[in-house]
Amino acid sequence: MKNTDLISIHDLEIDEILEILNLAEIMKANPDRYTDALAGKTLAMIFEKPSLRTRVTFEVGMTQMGGHAIYLASSDAQIGKRESIPDVARNLERWTDAIMARTFSHQTIVDLAAYAGIPVINGLSDLFHPCQALADFFTIRDIKGDLKGLKVVFVGDGNNVAHSLMHCAAKVGANITIVTPPGYEPREEVAREAREDAKKTGVEIHVTNDIREGLKKADVVYTDVWASMGQEAEREERIRKFRDYQVNSTVMDMASKSAIFMHCLPAHRGEEVTDDVADAQYSVIFQQAENRLHVQKAIMNLLMGEESFI
């Protein structure tokens, strides 16, 4: 990879994305080949937001590759409060080999990368969730066999997950439609970036408020929680406005018969998705969760390792 950080999928070349996906596939099939890939390496993990999947997959991934991960809760670092972002970055670069940060503000990730002389990985910010989207398209490719020409439909809030899915779809040659209630569309600058990339791969980036129109011929139906961490005060209003955008069996019937269902988790069952969809045979939500581990191991190996083993 030319990039020394993973901040946004928009920053990656298609060859770099494919390098991540291909290495993840090899590592998933041959984990014993990589038990010493990051021996002696240490990953600092900064968490302003709590997490199950992000913490466990990064920590387990480092352990499986012979490295070590250090968990830093918001009370430990207090970035920008107890200590400035540049000072945190300059301290961590002297002790560790990479930083993974899960933050509220995307600018925090950008600033860490600007001041740290070691790789910085965006574990989630209010703007992007690149590791999730890469794991999602790894999952889709594993199930569907190819990504080119597929139609991915995201139903819900035009949030950080939707943003990274748009960027990734445009890069790998998949069509994507974002279906949201009025006023909750993805940020226009992100959609513009995705459309610029889509010109190179010949795919469509579509945003609509019409769920029936959006779901036509969908190969993948994806949703996320209606109120993310930090939006608790909007929860009741969002439940009211998003009610007609719940992914249930009726909505799945609008998609292709072979469509799969995806969710980045945690799921608020009974809100954005019903139990019968989340637990259906076409649901791949737990495969997604597992694949976070393999894709992030590939990312860490490419950014921190001596060789990619491809």
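Predicted model: local features only at pLDDT ≥ 70, side-chain atom pairs only at ≥ 80, totals over all residues.
Residues are numbered from 1 along each chain as its sequence is written, and side-chain values use heavy atoms, with hydrogens and water left out. Local features need pLDDT of at least 70 and side-chain atom pairs count only at pLDDT 80 or more, while totals for chains, interfaces and linings use all residues.

Start with the inside. A nonpolar core here is a set of buried Ala, Val, Leu, Ile, Met, Phe, Trp, Tyr and Cys residues joined through side-chain atoms within 4.5 Å, with buried meaning under 20% relative accessible area, exposed over 50% and partly exposed in between (1.4 Å probe, protein chains only). The largest core has 62 residues, and Leu 134, Phe 137, Ile 299 and Met 300 touch the most other members. Its largest share, eight residues, comes from helix 7 (residues 160–172). Beyond neighbours within four places in sequence, Ile 299 is in contact (heavy atoms within 4.5 Å) with Leu 6, Ile 20, Ile 121, Cys 131 and Leu 134. There's also a second, separate core of 21 residues, Val 153, Val 251, Val 273 and Ala 289 among them.

Then there's Val 225, in the loop between strand 8 (220–223) and helix 10 (235–242); helices (H or I, at least four residues) and strands (E, at least two) are DSSP runs, numbered from the N terminus. Val 225 counts as buried because its relative accessible area is 9%. Setting aside neighbours within four places in sequence, Val 225 is in contact with Asn 159, His 263, Pro 266, His 268 and Glu 272.

Leu 52, by contrast, is exposed at 55% relative accessible area, and sits in the loop between strand 1 (42–47) and helix 2 (53–64).
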